[in-house]
Amino acid sequence: MNPQHLRALIQWHREYRPEWDSDPERYVAHDLVGWGRSRRLGLLRLGRYKAYVGVQHVDPDRPGWRIVDEPQARFFASLFVDGACITLRTFPTMSATLEMLSTALPASLPEARE
């Protein structure tokens, strides 16, 4: 499944801004998500598969985030199969996020046919 087809299958939240796909920091600048928080921007349901895509803002001053030196914003994808999370990964752009999901989902899904 290509990322464009995948994008069309996702139920996007009203706060998702496709024009910000290359700049997750804009979600902070516009007060749509705060530092040290995450916000789901979309939900994909395909049979036994479910995925969330969103934006995450890491604040190294908060407990558990000292692995980064400075605050940073990034996109994420979490993929579930039969209710179990099999991966949670972060990406610098929404395009990279959707690319990972498009390769992680089986091409044989009926809903995934192009």
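**Notes on the rings and the core**

1. A search of the whole structure, which is a predicted model, turns up four aromatic pairs. One of them is Trp20 with Tyr27, an edge-to-face pair with 4.9 Å centre to centre and 85° between the planes. Both of these residues, Trp20 and Tyr27, are buried.

2. Now look at Tyr52 and Phe80. Their ring centres are 6.0 Å apart and their planes stand at 90°, so this pair is edge-to-face. Tyr52 sits in strand S3 and Phe80 in strand S4, so the pair ties together parts that are 28 residues apart in sequence. Tyr52 and Phe80 are both buried.

3. Two of these rings have a charged partner to check out. Arg40 lies over the face of Tyr52, 3.7 Å from the ring centre. The charged end of Arg17 sits over the ring of Trp20, at 5.8 Å from its centre.

4. Which residues touch the most other members of the largest nonpolar core? They are Leu6, Tyr27, Leu101 and Leu105, out of 25 residues in that core. Strands S2, S3 and S4 and helix H3 each supply at least two residues of it. Take Leu101: beyond its neighbours within four places in sequence, Leu101 is in contact with Leu6, Ala51, Val53, Ala77 and Leu79.

5. Have a look at Leu44 in strand S2 too. Is Leu44 buried or exposed? Its relative accessible area is 3%, so Leu44 counts as buried. Leaving out residues up to four places away in sequence, Leu44 touches several residues, including Leu6, Ile10, Ala51 and Leu105. Leu9 is another contact of Leu44; these two are 35 residues apart in sequence but 6.5 Å apart in space, C-alpha to C-alpha.

Note on methods: Residues numbered from 1 in each chain as written. Predicted model: local features only at pLDDT ≥ 70, side-chain atom pairs only at ≥ 80, totals over all residues. Heavy atoms only, no water. Core = buried A, V, L, I, M, F, W, Y, C linked by side-chain atoms within 4.5 Å. Buried < 20%, exposed > 50% of the residue type's maximum accessible area, 1.4 Å probe, protein only. Helix = DSSP H or I, 4+ residues; strand = E, 2+ residues; numbered from the N terminus. Contact = heavy atoms within 4.5 Å. Phe/Tyr/Trp six-rings, centres within 6.5 Å; stacked < 30°, edge-to-face > 60°. Lys NZ or Arg CZ within 6 Å of the ring centre and 35° of its normal.
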